[in-house]
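Please look over the sequence and the structure before reading on.

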Amino acid sequence: MASSVSNLASTVATATAAALEDLHFSLTDYIVFSLMLSASAGIGVYFGFFSKAKNTTEEYLQGGKRMPTLPVAISLVSSQLSGVAMMSVPAETYSFGFNMIFVVWAMVLAVPVLIYIIVPVFYDNNVSNCYEYLELRFSKRTRQLVTVTFILNQFLMLPVFMFVPSLAFSQVTGYNIHLINTVVSSICVFYTMLGGIKAVVWTDVVQGGVMLISVVLVAILGTSNTGGITNVLENAAEGGRFDFSFGIDPRLRLTFFSGIASGLLMWTGKLGLDQSCVQRIVSLPSYGHAKKCLLMAGVGFLLIMSFTCFTGIIMFAYYYGCDPIQAGLVSKPDKLMPFFIQDIMGHMMGMPGVFISCVFSASLSSLSASLNSFAGVVYFDYIKPRINHSEAKANATMKLVIVVMGAYCIVGGFIVQNFNSIIQTMWTITGINMGAVVGVFCLGMFVPRCNAKVAVSGIAFSCLAMLWIIINGQMNFKAGLIKYDPLPNGLDQCEAKGFEVILNAIRNKNVTSIGTTAVSSLETPKELTTAFESNRDFSIYDTSFYWYKVLGALLVFAWAIPMSYVWPLDKEEKQNPKLYSPFVRSLLNKPSPVLELEELPLKTPLSEEQIKEKENGSAAEA
């Protein structure tokens, strides 16, 4: 048995290598890719050496609060569309269906929440760092606790941002993935360090244009090669990719309710309560500019991400009945996108280079924005209080922080390469604390009776509870009690479709039964939670990772509301109404209701004793 498995693995590896010889980068692709990187580096050089601007922290982190609206909006869109989105979102819809679109369209709800509830608070209090708000509303300890979670998140997530596009580049060129990661991360660190927020925004504009062109081209060419939109929709429907789930069981992997709820919380948290985005929003001259910016960013995000989601459906329709993953040509869904691009666009001069540039553009925009905001938070929260501050010293220190963090991202790639599902890993990691962070901001803006002690203990309670739930959930995964198998595909139509590359892999060794052999040889538990159903008794540890952020935020309120009665506000403590969301202020400032004459209580007649007392009092005064 072991020998046959070894032979099978060897055969599949040989077939994969042979297939990838036909799928390669041309000289034109390398030129296209190099131009994109050169443009990004050139923008950094311009703002670092030639732009006439003051060498101040406000200029470096906020562009002097004179940033134009449209570029900032494009920058916000670009930074939300990391390489993870470009690679893993199509892989998600390919494997598990189109329910991911609910997460994307939650942005329709998130934009009004940001415009009318959250962002006005930052402008009214003139804060440049969103964590500064927590110090104003609660205490310095609250701010420090949340910035620690921000820093930990960056340490966990930044290596992922650059590793995913390096994975794509390695898939189509054969170059060592860590060499690619080192070169491109270094270029990103270079222009971010030199140019500050202006370089971040204007490189995002270039990279956003590349992304938009790429996803539209992939959607058009993929649909055309599949035989038109009708074939795409028919194949996807037959393969169950349009079976939308409206179940309320939180153990189901992704449903309408978990998608909308988690998407709303995630986009609110990422765009409105994460310093990498807030820093750009408050760099605009006024709140009016911020409103326009968020509206434009919302529309742009929905456009690009809807195309990206649908690309996974197009991929499935194209490979319906001839799955490259089952054939052994692609090791996991996260690697499928570059394979698909080379398959449909490899013969077109420069097109694979455009797509790989798109994936790298998405990751570079996320990484540069995160590095810039990370440097600002580390300096102002942890370094500035301990040194003699000067503008020159501040800028030099922040640049050094960016370089150190860039080096860490390169080393972190060696760990990220062991992840199976990138998108699941990201949602799980951020599920530990992102819900708590969003929860404490909302607590500050919506619940005036909560004080610093309640806020700090609420964050701690939420993070510890989520850590416990996630660890036990991962143990259930390891024990085989939770298993997210994708929707089925097959290899029965490869010959009819004339997919020679996949057929060559199959002819070398009949791999049709790879999946069934692996499943049948393992003892699967009778009681199991899958992506689409569960026959186990309910356990919170089986909750889908898409609910983690929502659960984290709810835990903050579940702790804080009761504890606000145990630890009430000091009666002498004055509340600044500007620290609350506009609709809460309107409730606090509501005048007492004016009573009509009929509603006033009638005076009761005085008793004889009261009359005598009143007369005696009058006589004494006389």
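Predicted model: local features only at pLDDT ≥ 70, side-chain atom pairs only at ≥ 80, totals over all residues.

| Helix pair | Residues | Axes come within | Crossing angle |
|---|---|---|---|
| H4 and H14 | 69–80 and 287–318 | 8 Å | roughly 40 degrees |
| H21 and H25 | 452–478 and 548–566 | 8 Å | roughly 140 degrees |

**H4 and H14**

The axes of H4 and H14 cross at roughly 40 degrees. H4 is therefore oblique to H14. The crossing of H4 past H14 is right-handed. On the H4 side, the contact is made by Thr-69, Leu-70, Val-72, Ala-73, Leu-76, Val-77 and Gln-80. H14 brings His-289, Lys-292, Cys-293, Leu-294, Met-296, Ala-297, Gly-300, Phe-301 and Ile-304. Sorted by class, the residues of this contact are 11 nonpolar, four polar and one charged.

**H21 and H25**

The axes of H21 and H25 cross at roughly 140 degrees. Why does H21 count as oblique to H25? Angles over 145 degrees would be roughly antiparallel, and 65 to 115 degrees roughly perpendicular. The crossing angle of roughly 140 degrees therefore makes H21 oblique to H25. H21 passes H25 in a right-handed crossing.

H21 supplies Val-454, Ser-457, Gly-458, Phe-461, Ser-462, Ala-465, Met-466, Ile-469 and Ile-470 to the contact. Their partners in H25 are Tyr-548, Leu-551, Gly-552, Leu-555, Val-556, Trp-559, Ala-560, Met-563 and Ser-564. This contact has 13 nonpolar and five polar residues, with no charged ones.

Notes
Residues numbered from 1 in each chain as written. Heavy atoms only, no water. Axes fitted to C-alpha atoms, helices over the stretch in contact; angles between N-to-C directions. Helix = DSSP H or I, 4+ residues; strand = E, 2+ residues; numbered from the N terminus. Parallel < 35°, antiparallel > 145°, perpendicular 65-115°, else oblique. Left-handed = near helix turned anticlockwise from the far one by under 90°. Contact = heavy atoms within 4.5 Å. Nonpolar A, V, L, I, M, F, W, Y, C, P; charged D, E, K, R; others polar.
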